[in-house]
Amino acid sequence: MWFLYATVEVAEADPYDPDGFLGVDMGIANIAYDSDGTRYAGTRLNGYRRRQARLRARLQQKGTKSAKRLLARRNKKEARHAANVNHCIAKAIVTKAARTGRGIAVEKLTGIRDRVRLRKPQRVTLSSWSFHQLGSLLAYKARRAGVPLVEVDPRYTSQTCNGCKHRDKRNRPNQETFLCRSCGVVAHADHNAALNIAERGAEDWGAVNRPHAASLCNQ
């Protein structure tokens with residue numbers, strides 16, 4: 001068996017000064033949800049993974065050599081399928097940001113598996129959640145397109161109302177719903193979080209670039 005590896009050098013576009021930020025909330029039920037209200041649902045991918053998990057369990061019970069070979073092929077097939085889904089989502093998000101002249105803001109999700117507490121049936125889904133891969137794809141596609149990308153503090157983005165800024169654990173009664181206990185606004189929880197992420201992206205970008213702007217004004 002022969003493999004051909006070809007290396008291609010692609011020039012990166014010069015980054016531009018963004019006119020606002022497109023916030024992206026990454027999750028399990030929805031792979032991504034942006035601040036424009038576009039949802040990249042994970043229903044089909046999660047269903048596919050559950051079917052693969054049931055098949056793996058049956059193959060592991062058999063324990064034969066042929067079952068182990070099939071198990072290895074299935075694992076690679078699942079990884080390729082998830083990677084393709086993430087590629088398509090990352091491409092769509094970067095294309096939208098570039099078309100509208102915005103940057104992209106995402107959460108710093110390092111250590112998410114240690115922070116999140118889930119029921120036992122949800123732990124398998126979290127362990128197979130390829131958020132790191134999606135984040136990496138967003139970063140490199142954004143760099144190639146010249147789209148600024150910032151990582152923001154993820155704390156309380158899902159508990160804070162984007163309208164009145166009231167923060168309360170009870171603002172999120174379930175996975176999908178955001179209900180502000182202060183102003184009464186009702187929204188999709190992931191959309192509300194994405195709006196908060198977008199605002200933090202703009203604030204962080206402004207904080208990084210403000211000293212440079214001030215020095216130019218003083219010249």
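This is a predicted model: local features need pLDDT of at least 70, side-chain atom pairs count only at pLDDT 80 or more; totals for chains, interfaces and linings use all residues.
User: Let's start with α5. How many residues does helix α5 have, and what span does it reach?

Analyst: Helix α5 runs over residues 131–145, so to speak, with 15 residues in it. From first C-alpha to last it reaches 21 Å, close to the 21 Å expected at 1.5 Å a residue.

User: Which residues of α5 are buried?

Analyst: General idea to begin with: an α-helix has 3.6 residues a turn, so residues three or four places apart point the same way. Now the case here: F131, L134, L137, L138, K141 and A142 are the buried ones in α5. They cover an arc of only 125° around the axis, which puts them on the same side of α5.

User: And what follows α5?

Analyst: That's G146, and its phi is positive, near 75°.

User: Over to N171. Where is N171, and is it buried or exposed?

Analyst: Look in the loop between β5 (149–152) and β6 (177–179). N171 has 0% relative accessibility, so it counts as buried.

User: What does N171 touch?

Analyst: Leaving out residues up to four places away in sequence, N171 touches Q159, C161, H166, T177, F178, L179, C180 and R181.

User: Last one: which residues make the nonpolar surface patch?

Analyst: M1, F3 and Y5 make it, and the patch is about 530 Å². Take M1, in the segment before β1 (21–26): with a relative accessible area of 86%, M1 is exposed, the cut-off for that being over 50%.

How values were computed: Residues are numbered from 1 along each chain as its sequence is written. Side-chain values use heavy atoms; hydrogens and water are left out. Patches are made of residues with over 30% relative accessible area and no salt bridge: like charges are joined within 9 Å, nonpolar side chains (Val, Leu, Ile, Met, Phe, Trp, Tyr) within 5 Å. Accessible areas come from the Shrake-Rupley method with a 1.4 Å probe; for residues, only the protein chains shown count as cover. A salt bridge is a side-chain nitrogen of Lys or Arg within 4 Å of a carboxyl oxygen of Asp or Glu. Helices (H or I, at least four residues) and strands (E, at least two) are DSSP runs, numbered from the N terminus. Buried means under 20% relative accessible area, exposed over 50%, partly exposed in between (1.4 Å probe, protein chains only). The expected span of a helix is 1.5 Å times one less than its number of residues. The arc is that of the directions from the helix axis to the C-beta atoms. Contact means heavy atoms within 4.5 Å.
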